[in-house]
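These are my notebook entries on one structure.

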Amino acid sequence: MDRRNVIVVRSFYFTFLNVVFQLPSVLTLCGYDACNPTISDPYVLNVHLVPHTHDDVGWLKTVDQYYMGSKNQIQHAGVQYILDSVVSELLKDPKRRFIYVEIAFFARWWHEQDDEMKLNVKKLVNEGRLEFINGGWCMNDEASTHYNSIIDQMTIGLRFLNDTFGSCGRPLVAWHIDPFGHSREQASLFAQMSFDGFFFARLDYADKKHRMIQKEMEAIWHGSSSLGNTADLLFGALYAHYNPPPGFCYDQFCNDPPIQDDQDLYDYNVDERVKKFIAYAKMQSLSFKTNHIMMTMGSDFQYENAIPWFKNMDKLISYVNQKGNEFKINVLYSTPSCYVKSLNEAGKTWPTKSDDFFPYADQPHSYWTGYFSSRPALKYYERVSNNLLQICKQLEVLAGNHQINITSESKTLKRAMAVTQHHDAVSGTEKQHVADDYAKRLAIGSSHCQNLVNVSLGSFMSATSPPSFTFCTLLNISVCPVTEDSKSFAVVVYNPIGRVVTQFVRIPVNGDNFLVKGPDGKPITSIVSIVSASTKAVRRSRGTATHELVFMATVPALGYNTYMVYRAEFTQKFQEMVFSKPMREKAPSTSPIVIENEFLKITFDNNTGLLDTVIDTVSNLTMMVKQTFLWYNSSTGTPDSSQASGAYIFRPNHTNPIPIMLRNNVLTKVYQSYLIQEVHQEFSPWLTQVVRLYKAKRHAEFEWTVGPIPFQDGFGKEIITRFNSDIKSGKQFFTDSNGREILERVKDHRDTWLYNVTEPVSGNYYPVNSRIYIKDDKKQMTILTDRSQGGSSLQEGSIELMIHRRIQHDDGRGVGEPLNETGQFGDGLIIRGKHFVLLSSPAKSASLHRNLAEQLYMAPSISFSKASADWPMKYNLSGSFLHKNLPANVHLLTLELWDSNTALIRLEHQYEKDEDPDLSTNVTVSFKNLFVSFDVVSVREVSLSANQFVEDATRLKWKVMDSDQMMPSNKKPIPVSPNTLNVLLSPMQIRSFLATIKGH
């Protein structure tokens, strides 16, 4: 029986399951038990017809426009009508099947239906006639998405299915038919969500050709080098993209002939249609290992009129099967999960894969590596919105759900973030008005979460008369009305990480003399620097601050500290004399430019103004390195190919980019203080950079400002930063996979087929979600990013990252407009971002970049309030919500309110196996007495997507060529004892729990 239909008879357990996971009250035949029968004869070809629609959650139209069917002059598509029509047709015949994927659309449609329709749909689901596949809120991108956000968006969609349909709504198979390349981490996450298979359409044209010849279109993907075979997953590459066989599209906008079976008419075509279909099926079967093949019957936004689809498929199945004995063929309505079941029952031994499917090219000169960097502002906004969302969810639990109201809640941002994970959203491959819509949704959701954060922090400080706070969302360009206009103000810093962190806080102010006091009332060191000309140019008329106040905040684990800031004239009556120190500009000199702190010493060539050396003074490592900015000229087509660079595709017209320098040297200024040392560089009027060392920090910060990119010359420009070092890295470099595990890359090489170099630059670009590094035996240079970007190492010792793109031609992949973002003021988008550079020995590097990556993507929130001198007497200015710090290798991935007395808690081991001698070891965390504001009474472990209890989850097993064991093992993690509540974590393991909590 299908693993989803096991009924546990213990009454208390069944009751709990029915409340949490909504099991159906009667036995049903869904999932694997609902499959239409196949023919077991190995000489008979079983053709699984899978009716489907692919509904982008935004692309050429916004998500609302797609659902409603408006703006059809852009693209004819109306999702609500698709679902109306499909359900009507499914009810006519129990053999018919349909799959649906995008829950953002389905949930909206569901809430519009009456009770009778809902009963009919539940009947279809319970009988396996309407099957949900994948089940996320969207079909997420795999290059530009962070694993935290992938897990969240899948959890939202799968929870809706569980709550609405019970176990029969739980998808068995993942379905990513349109994302533009596929990450190994995505496969690992799907395996941890208990999926049995993973199907996609887009893989490199040469890889696909090779796999078709070798019959390796389906294989077992080893998803993790740390988790072992628990992260293994069957994958399948679709044969005909995700479209119907040529000549057999029955959508209202297709031109293929229907099956005309009236023999009294002259246009009778049954014999011709059957012959053509069988010939195509036999040809497709030559590329697959078993006597089962799958045909996708549908495409983008199809089935708005489902009648011609099902009427013609009914006929096709009937007439082909009448020839079944003669041609050894059997056609049936099916689903991807039923197809996976048939593959599993075939008993074959499957090949394996351990790398990923990046980069993707659909033809020799068309590498889809531009979208790794397209729309950098949206990519950054998505990343900081995730940061805010995690804080927001934590505080809903820590402050209690009494803080939630219509404008102070996390649901709006959860759904906005989920939609933005779509493969035409954060990827940057949508039309401009659609990108604006995604940003608007994030802004609305962020506003609600900011309100919740501020209300929660106020309640921690005082239960009776809490202070009010506000966020300043333009701190990166020195804009914050509260701090600019107030003589005294409070800064509250909340740390969402389970360990103490130190964070440098930069605040726009007017004036150059301030006093900063910590929550204990003691003055702390601060400095004041002049707002740079570059910052003033970026912010234009949006702020008036003349200076930035900087101090170091030390914030407790999962807690907050409040800092009081007073202007000098306001503090004189208290006779306070510990004021901020000015940041001094260093006089020009003929000597090399040097900045340094306790760990790093950085020198710049005095003649060129460029970076020259980085020295790790603790380990006595010296790296010769030159950093420059350059631009690739976007191709508009060549004699070899008409392919142009665009939103999807990166294609430079030359392998050598053009340096960005107006003269032979870069203009530099040096500023020094006790807390910070900076080198300001001007490469051109539209590209500047600040290289910054903070006190007691192991990394160097490179803050670059790019734009507006000049376009009057007619050239598309793709801007990169490049670090050329003396590291003997050969052709190897390393990039993260969705912010988690690290993959080795080799220039001009693919692991699974002989690579033909047609595009020497773009064919070697890979997604960099959080970090990229190169190394030799002695030293490693790691660069961490503040958003997803494309990157590579095109020569030994070199790292380059693409930071901005402005292109004047479309690349012909459907979006229909050039990637020419004009920004708020219409003259071109300006991007300000940061890279964080680490130098260390390879042995010590993981402990540095893992820790820093966690602090970057889970940075503290900073809120502000006007304040008076009596605040320290009125309010509780500090607090931690953990009784003890989490271990250095453990990350609190999720703390989220599930219902009134249940929290979803995910603990993550954030080191890989053998990555660090001390931190890549098993670690135990106890929930007992862990949190301050509530007790964990009991826990039930669930799958990564929180839609199935781990003890109930089973996955299909497969024979593989590289092991004698069946994969995966279905080995369960060590249970959590109800007495100790100890959780054991192994490297890279994420364990998820529904915890019953009791507030204090």
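I took contact to mean heavy atoms within 4.5 Å. The model is predicted, so I kept to its limits: local features need pLDDT of at least 70, side-chain atom pairs count only at pLDDT 80 or more, and totals for chains, interfaces and linings use all residues. Residues are numbered from 1 along each chain as its sequence is written, and side-chain values use heavy atoms, with hydrogens and water left out.

**Entry 1: Ile709.** I located Ile709 in the loop between strand E31 (700–706) and strand E32 (717–725); helices (H or I, at least four residues) and strands (E, at least two) are DSSP runs, numbered from the N terminus. Is Ile709 buried or exposed? Ile709 is buried, with a relative accessible area of 2%, where buried means under 20%, exposed over 50% and partly exposed in between (1.4 Å probe, protein chains only). Leaving aside residues up to four places away in sequence, I found Ile709 touching Trp686, Lys717, Ile719, His804, Arg805 and Arg806.

**Entry 2: the sheet.** I traced an open sheet of ten strands, in the order E22-E28-E29-E30-E31-E40-E37-E36-E33-E34, with antiparallel pairing. Two strands pair if DSSP finds at least two bridges between them. At the edges I noted strand E22 (584–586) and strand E34 (742–746), each of which pairs on one side only. Within the sheet, E36 (residues 771–775) and E37 (residues 780–785) are joined in the antiparallel sense by five bridges. Arg771 stands opposite Leu784 in E37.

**Entry 3: the largest cavity.** On a 1 Å grid over the protein atoms alone, a cavity is a set of points where a 1.4 Å probe fits but cannot get out; a pocket is an open set with protein on both sides within 12 Å along at least five of seven lines; lining residues have an atom within 4 Å of a point. Grid points are joined across faces, edges and corners, and a volume is the space filled by probe spheres set on the points. I recorded about 60 Å³ for the largest cavity. Its lining includes Leu238, Tyr280 and Met294. E8 gives the most to this lining, with three residues.

**Entry 4: the second largest pocket.** I recorded about 770 Å³ of space here. Of the 28 lining residues, Thr230, Lys971, Lys972, Pro973 and Gln989 lie nearest the centre of the pocket. E49 supplies the largest share of the lining, three residues.
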